[in-house]
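Subject: Structure handover

Hello,

Here is the structure I promised to pass on to you. Please have a look at it first, and then read on for what turned up.

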Amino acid sequence: MTTTASTPSKFKPYTRQSIVTARQWEWLTPELQEAVQVVSHVLPFRTNAYVMDELIDWKRVPDDPIYRLTFPHRDMLPAQEYEQLRELVLHKKDDAAIARLVHGIRMRMNPHPAGQMTHNVPRVNDAPLKGLQHKYKETVLFFPSAGQTCHAYCTFCFRWPQFVGMEDMKFDARECGELVAYLKMHPDVTDVLITGGDPMIMNTRSLAEFLEPLLAPELAHIQNIRIGTKSVAYWPQRFVSDKDSDDLMRLFEKVVASGKNLAIMGHYNHAVELRAPIAQQAVKRIVGTGATLRMQGPLIRHINEDPKSWAELWTTGVRLGAIPYYMFVERDTGPRDYFALPLARAHEIFQEAYSMVSGLSRTVRGPSMSAFPGKVVIDGVVTINGEKLFALQFLQARNPEWVRRPFFARYDPSDTWLDHLKPAFGRDRFFFEMESGGPLRGPGGRVIPLVPVGQRGEAQPDAA
């Protein structure tokens, strides 16, 4: 692999402590520097030389989308919290007081939305399996401990508790023995999603230790192995020029040769992430192994509100052999007030981008909310009996019988999440809040309580 003179070939990360050594640091105003130093006490901050040299247009800072995607901003915190934290960090320098304030802010930010910790963790012999989640019957999520960081952090990331030292809220597994045992007990599981953090932060040898046990004959019911990764955008060298990138391609080929589908779930947020030659080469190398690469990412205010960017991203991906998969709605966690877009606007952006691409790119689905009951997509805005409504359906659900079941909500241009929506036609609750006929049981036989009407939203964050 040959790189341009400006394309870093050796991974070099930057954190709050080391970012001051980057040549770009002095290009920032004192106000922007201060925001990084203050807000990064609450939210994780990590970037790298490739992101800074290749993806950020420093002439557009602070409005460059990748800068906003990776660097903290003061508006990610309410003004009062920012000033309190600023005083402690820059002047009083009281570590204990900083820790107390930071913890309070983080807990206010709904660190584990959609029942990740309360409802998604499977249990065996009444003991939780710490590094697993099992929300939908076909798919188990696995969090290897060696993959619980990333080449760079996204400021909107809904898994931010994985990176900030909140050990009691962290998902990680040191080895895959419990995963294999659990999968043997659940032959209805067809998909394993290895996630993080970013599993591609691991070297190939470590990754193989988690992948190869899934190829055993007794796990023949596992048809699809997915790997969730942002490295395709933040460090495409992982697939092209890292010292073990060729070994990684051979590992992918081995998984494919075993008869299983290997799906790389590539997280892309902006068209610029796929413009660099090395980023495009990474896609070609991945699909050249027989693996599939699916493109997904959330719609985020300040980052990717331009439909043309989404259309470019999808069409470029398709040309290289990738599959557009999801446009998500930003989850209700972290600095969501800073990033959230109204659902009506999200639908408009998706529809406009969708109209710009050919049928090969229209495999993409969205805008989709990964909420407590399941993945809810906004199909459109309709008028029925003179009433303007959102048309919605479940693409995936805790109860499989809910999937593809249309339902309607009153149109409100200010709503930004499922728990803001109100049922249409004078009803006081949605069907998934009122179904009876015995307890709803999720994967592994766990009883899943229905979302209590009147307790959606702030009073019950897991219900969102």
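Predicted model: local features only at pLDDT ≥ 70, side-chain atom pairs only at ≥ 80, totals over all residues.

A word on naming before the details: helices and strands here are DSSP runs, helices of at least four residues and strands of at least two, numbered from the N terminus.

The overall picture

The protein chain has 464 residues, and 59% of them count as buried. Its secondary structure comes to 13 helices and 17 strands. Taking contacts between residues at least 6 apart in sequence, 72% join residues at least 24 apart.

Around aspartate 198

Is aspartate 198 buried or exposed? Its relative accessibility is 1%, so aspartate 198 counts as buried. Beyond its neighbours within four places in sequence, aspartate 198 is in contact with Gly147, Thr149, Cys150 and His151, and also with Gly228, Thr229, Lys230 and Ser231. Proline 144 is 54 residues away along the chain, yet the C-alpha atoms of aspartate 198 and proline 144 are separated by 9.3 Å.

The loop between strand 7 and helix 7 also holds glycine 197. The peptide bond leading from glycine 196 to glycine 197 is cis, with omega near 20°.

Helix 7 itself, residues 204-211, is mostly covered, with 6 of its 8 residues buried. Those buried residues are Thr204, Ser206, Leu207, Ala208, Phe210 and Leu211. What covers them includes strand 6 (139-142), strand 7 (191-194), strand 8 (224-229) and helix 9 (245-257).

Two helix pairs

Two packed helices are described by the angle between their axes and the distance between the axes. I picked out two pairs for you.

Helix 4 (residues 79-92) and helix 5 (residues 95-108) pack with their axes 10 Å apart, at an angle of about 155°. Angles over 145 degrees count as roughly antiparallel, so helix 4 is roughly antiparallel to helix 5. The crossing of helix 4 past helix 5 is left-handed. On the helix 4 side the contact uses Glu81, Gln84, Leu85, Leu88 and Val89, while helix 5 brings Ala97, Ile98, Leu101, Val102, Ile105 and Arg108. Sorted by class, the contact of helix 4 with helix 5 has 8 nonpolar, 1 polar and 2 charged residues.

Glutamate 81 deserves a line of its own. This residue of helix 4 has 14% relative accessibility and therefore counts as buried. Leaving aside neighbours within four places in sequence, glutamate 81 is in contact with Ile105 and Arg108.

In the second pair, the axes of helix 11 (residues 307-320) and helix 13 (residues 343-355) come within 8 Å and cross at roughly 45°. Helix 11 and helix 13 are therefore oblique to each other, and their crossing is right-handed. Pro307, Trp310, Ala311 and Trp314 of helix 11 make the contact with Ile349, Phe350, Glu352, Ala353 and Tyr354 of helix 13. By class, this contact of helix 11 with helix 13 has 8 nonpolar, no polar and 1 charged residues.

Backbone points to check

Most residues other than glycine have a negative phi, and most peptide bonds are trans. Here are some places to look at with that in mind.

- The peptide bond from valine 61 to proline 62 is cis, with omega near 10°; proline 62 sits in the loop between helix 2 (49-55) and helix 3 (65-70).
- Lysine 93, in the loop between helix 4 and helix 5, has a positive phi, near 50°. With 57% relative accessibility, lysine 93 counts as exposed.
- Asparagine 385, in the loop between strand 13 (374-384) and strand 14 (387-397), also has a positive phi, near 50°. Asparagine 385 is exposed, with a relative accessible area of 78%.

Phenylalanine 11 is in the segment before strand 1 (13-14) and is partly exposed, with a relative accessible area of 25%. Apart from neighbours within four places in sequence, phenylalanine 11 is in contact with Arg46, Asn48, His151 and Trp235. The C-alpha atoms of phenylalanine 11 and alanine 49, 38 residues apart along the chain, are separated by 7.1 Å.

How many disulfides are there? With a disulfide taken as a pair of cysteine sulfur atoms within 2.5 Å, the count comes to 0. Cysteine 154 counts as buried at 11% relative accessibility, and cysteine 176 counts as buried at 8%.

Best wishes

Note on methods:
Residues numbered from 1 in each chain as written. Heavy atoms only, no water. Axes fitted to C-alpha atoms, helices over the stretch in contact; angles between N-to-C directions. Parallel < 35°, antiparallel > 145°, perpendicular 65-115°, else oblique. Left-handed = near helix turned anticlockwise from the far one by under 90°. Contact = heavy atoms within 4.5 Å. Nonpolar A, V, L, I, M, F, W, Y, C, P; charged D, E, K, R; others polar. Buried < 20%, exposed > 50% of the residue type's maximum accessible area, 1.4 Å probe, protein only.
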